[in-house]
Amino acid sequence: MSVPSVVVHRDADVLAKAVAARIITRLVDVQSAKGSASIVLTGGTVGIATLAAIAATPARDAVDWRRLDIWWGDERFLPSGDKERNETGAREALLDHVDVSPERVHVMLGPDSGLTAEESAESYAAELRRAARPEDHGPVPGFDVMLLGMGPDSHVASLFPGMPALYDTRAVVAVHGAPKPPPTRISLTLPAIQSSREVWVVAAGEEKSGAVRLALSESGHVQVPASGARGRARTLFLLDRAAASKIPPELGRISSP
């Protein structure tokens, strides 16, 4: 796994715009090299603001949206179209405004599909297996970019501290009893996250600063799930100044204006 690098931006608004620009550049580079690309989306305030920033910039047209596979790191187990679903937020912020290929938008199914949460997790795992190639060396594609938000408790995706999902070696699991509503969710596990070529953890706000410090330390992933959010080739912690305020100087960082 790669060693994290830290990039700090002035505030949450600048952070969202900077991450949007970084995503566009990365996807264009990957598509130029390979023909197609893949990204894993996240929800949350900054995650959705980032997608809206992509939609708002003319540079979005540099991406060939028809040659992009779109996945999610987690989803609230709610009916399709529910305002609390990460998918709904992503569609409203970005996907409804670009020419994506519907069959390449891989959603986690909700209860209106007739599936239980466990069945939805297995359905998503099967979809990941179908997309994986021999060079991925496992049941999950080597995602080009995985975006992850992080909570003040250091959770990423729907992997909350101390919960059984953190011990699970399957690619996708149903999460019950999440401390943050709704209690039932579908989530990629740490092994699936670590299959990504690049993992970008995006966080803003002083309330995240303690979790950021722990995630960049040698803390164990069971109590600090974000410490296990690492990409194979690259890991970035993309932060605003408030979220970065407790990073010890010895870890170093790259600051932008």
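User: Which residues of α4 are called buried?
Analyst: In this predicted model, the buried residues of helix α4 are A117, S120, A121, Y124, A125, A126 and L128. Buried means under 20% relative accessible area, exposed over 50%, and partly exposed in between, with a 1.4 Å probe and protein chains only. The model is predicted, and local features need pLDDT of at least 70, side-chain atom pairs count only at pLDDT 80 or more, and totals for chains, interfaces and linings use all residues. Residues are numbered from 1 along each chain as its sequence is written, and side-chain values use heavy atoms, with hydrogens and water left out.

User: What do the buried residues of α4 pack against?
Analyst: They pack against β3 (68-72), β6 and β7. Contact here means heavy atoms within 4.5 Å. Helices (H or I, at least four residues) and strands (E, at least two) are DSSP runs, numbered from the N terminus.

User: Why are β4 and β6 placed at the edges of their sheet?
Analyst: The sheet is open, has three strands in the order β4-β7-β6, and its pairing is antiparallel. β4 (74-76) and β6 (172-175) each have a single partner strand, so one side of each lacks a neighbour in the sheet. From one strand to the next, the twist averages 15°.

User: Which strands does β8 join, and in what sense?
Analyst: β5 (residues 145-149) is joined to β8 by four bridges, running parallel, and β8 is joined to β9 (residues 234-240) by six bridges, also parallel. M146 stands opposite V199 in β8, and A203 stands opposite L239 in β9. The chain crosses from β8 through helix α6 (residues 209-215) to β9, in a right-handed β-α-β crossover. That name applies if, with the strands pointing away from the viewer, the path from the first strand over the helix to the second runs clockwise.

User: How many residues of β8 are buried?
Analyst: Six of the six residues of β8 (198-203) are buried. E198, W200 and V202 point one way, and V199, V201 and A203 the other way.

User: What makes the link between S2 and T235 a polar contact?
Analyst: A polar contact is a pair of N or O atoms within 3.5 Å; within protein, one must be able to donate a hydrogen and the other to accept it, and residues adjacent in sequence count only if both atoms are side-chain atoms. The side chains of S2 and T235 are joined at 2.7 Å. The side chain of S2 also reaches the backbone nitrogen of R234 at 3.4 Å.

How values were computed. Pairing = 2+ DSSP bridges. Axes fitted to C-alpha atoms, helices over the stretch in contact; angles between N-to-C directions.
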